[in-house]
Amino acid sequence: MDTNFDMNEHPHTRQNILTGEWVLVSPHRTKRPWQGKVESLPADNRPQHDPACYLCAGNERADGSRNPDYTTNFAFTNDYSALLPDTPIGEIAIDGLLKAESQSGICRVIAFSPRHDLTLAELDLNAIKGIIQLWAEEFKTLSENPSIKHIQIFENKGELMGCSNPHPHGQIWAQNSIPLEIHKETINQKKYFQVNGRSLLTDYLKVELKEQKRIVFENDSFVVLVPFWAVWPYETMIISKRHVRSILEFTDKEQKDLASALKNITVRYDNLFQVSFPYSAGMHQMPVNNGDHAEWHWHMHFYPPLLRSATIKKFMVGYEMLGNPQRDITPEAAAETLRNLSDIHYKSNNLS
């Protein structure tokens, strides 16, 4: 090996240990000038209550039903669900090449609070803990349905991520099969666990905590970091220090610490470009009604699209669509940038 090789300067690939896939890192490209598209800033002047919003308390939804006058958070079945519980069982196979299988499931919506204007970054810790408890209740209820094999808890935040309603909310899709990303992560975690008797992310965390290069935030129960194999410029993961398989195994203390971790990273995101930072985020946890899955270790992914400013986003195009993902800014540089940001929301500073 050439001892002159430097990951901070030279192009290289990194492997995602959870999926087995690779990402090309090209740190020298951060020096190139930008003459591409510049997006306009999305407006961030929402009222506390919008009478036209389908998610605000007491309002009528698109299907004609009416939300209760909820005061904390609120869950309901999506009025336009991507999965339906009564889908007929069936499959199609044509000449061994064209295959299709029916999918059934339940899609739930989680309104984070009655406030139309407050994202996770702006809610207090008690409100965020309440959302975590609601996620756990929904996970438990959905997992009691024997036809459900996987439950995906996630949030699409902001117009850039295709969010159709600006009221802060998340979703839960529960389905009768295991989706691709979970399938890949199950395979790699199981391989590691069978050989080592420990979860893959337990040992990965030991390396990250030893190196400290990609850590953004840490408390008693969770670590927020930019993964070594991150694809998106400011991608992060929250990983539980204790090996737990799902949100149902968290103690009250861990729920509080998860609320703190969620608050911390979402505030830092907003502070990065002083804008309500868009992202897709979601928990990865064990499949249900599908065995013990002792190998599974709870974690949460954040995939934000912004790159150089609040108006420049990263696109997956060209080589990335035809070859494999590529990034310019290194995970270490991204982590340092996020780590050096204040954990006090920029709007609070503006009010002081």
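# Reading rings, core and helix

Modeller: Ring pairs join Tyr234, Tyr269, Phe273, Phe277, Tyr279 and Phe302 into a cluster. Keep in mind that this is a predicted model.

Colleague: How many aromatic pairs does a search of the whole structure find?

Modeller: The search finds 14 aromatic pairs.

Colleague: What describes a pair of aromatic rings?

Modeller: Two quantities do: the distance of the centres and the angle of the planes. Take Tyr234 and Phe273. Their ring centres are 6.4 Å apart and their planes stand at 85°, so this pair is edge-to-face. The cut-off for that label is an angle over 60 degrees.

Colleague: Which parts does the pair of Tyr234 and Phe273 tie together?

Modeller: Tyr234 sits in the loop between strand E10 (222-225) and strand E11 (236-240), while Phe273 belongs to helix H4 (residues 252-273). The pair therefore ties together parts that are 39 residues apart in sequence.

Colleague: Is Tyr234 buried or exposed?

Modeller: Tyr234 is buried, because its relative accessibility is 7% and the cut-off for buried is under 20%.

Colleague: How do Tyr269 and Tyr279 pair?

Modeller: That pair is tilted, with 6.2 Å centre to centre and 40° between the planes. Tyr269 is in helix H4 and Tyr279 in strand E12 (residues 279-284), so the pair ties together parts ten residues apart in sequence. Both Tyr269 and Tyr279 are buried.

Colleague: Where do charged groups sit over rings?

Modeller: Two cases are worth a look. The charged end of Arg14 is over the ring of Phe228, 4.4 Å from the ring's centre. Arg61 lies over the face of Phe76, 3.9 Å from the ring centre.

Colleague: Back to H4. What span does H4 reach, and what is expected?

Modeller: H4 has 22 residues. From first C-alpha to last it reaches 33 Å, close to the expected 32 Å at 1.5 Å a residue. H4 is mostly covered, with 16 of its 22 residues buried. Gln274 follows H4, and its phi is positive, near 50°.

Colleague: What do nonpolar side chains tend to do in soluble globular proteins?

Modeller: They tend to be buried together. Here the largest nonpolar core has 53 residues. Those with the most contacts inside it are Trp135, Ile238, Ile247, Leu262, Trp298 and Phe302. Helix H1 (residues 125-143) gives the largest share of this core, eight residues.

Colleague: What does Trp135 touch?

Modeller: Leaving out residues up to four places away in sequence, Trp135 touches Ile110, Phe112, Ile153, Ile172, Ile247, Leu262 and Met283. There is also a second, separate core of eleven residues, including Leu200, Leu201, Leu205 and Ile215.

Colleague: Where is Ile182 found?

Modeller: Ile182 is in helix H2 (residues 180-196). Ile182 is buried, at a relative accessible area of 1%. Beyond its neighbours within four places in sequence, Ile182 is in contact with His150, Gln152, His284, Pro287 and Trp296. As for Ser143, Ile182 is 39 residues from it in sequence and 16 Å from it in space, C-alpha to C-alpha.

Colleague: In what order do the three strands of the open sheet come?

Modeller: The order is E1-E2-E16, with mixed pairing. Strand E1 (12-15) and strand E16 (326-327) are the edge strands, and each pairs on one side only. Strand E2 (residues 22-25) and E16 run parallel, joined by two bridges. Leu24 stands opposite Gln326 in E16.

Conventions
Residues numbered from 1 in each chain as written. Predicted model: local features only at pLDDT ≥ 70, side-chain atom pairs only at ≥ 80, totals over all residues. Heavy atoms only, no water. Phe/Tyr/Trp six-rings, centres within 6.5 Å; stacked < 30°, edge-to-face > 60°. Helix = DSSP H or I, 4+ residues; strand = E, 2+ residues; numbered from the N terminus. Buried < 20%, exposed > 50% of the residue type's maximum accessible area, 1.4 Å probe, protein only. Lys NZ or Arg CZ within 6 Å of the ring centre and 35° of its normal. Pairing = 2+ DSSP bridges. Expected span 1.5 Å × (residues − 1). Contact = heavy atoms within 4.5 Å. Core = buried A, V, L, I, M, F, W, Y, C linked by side-chain atoms within 4.5 Å.
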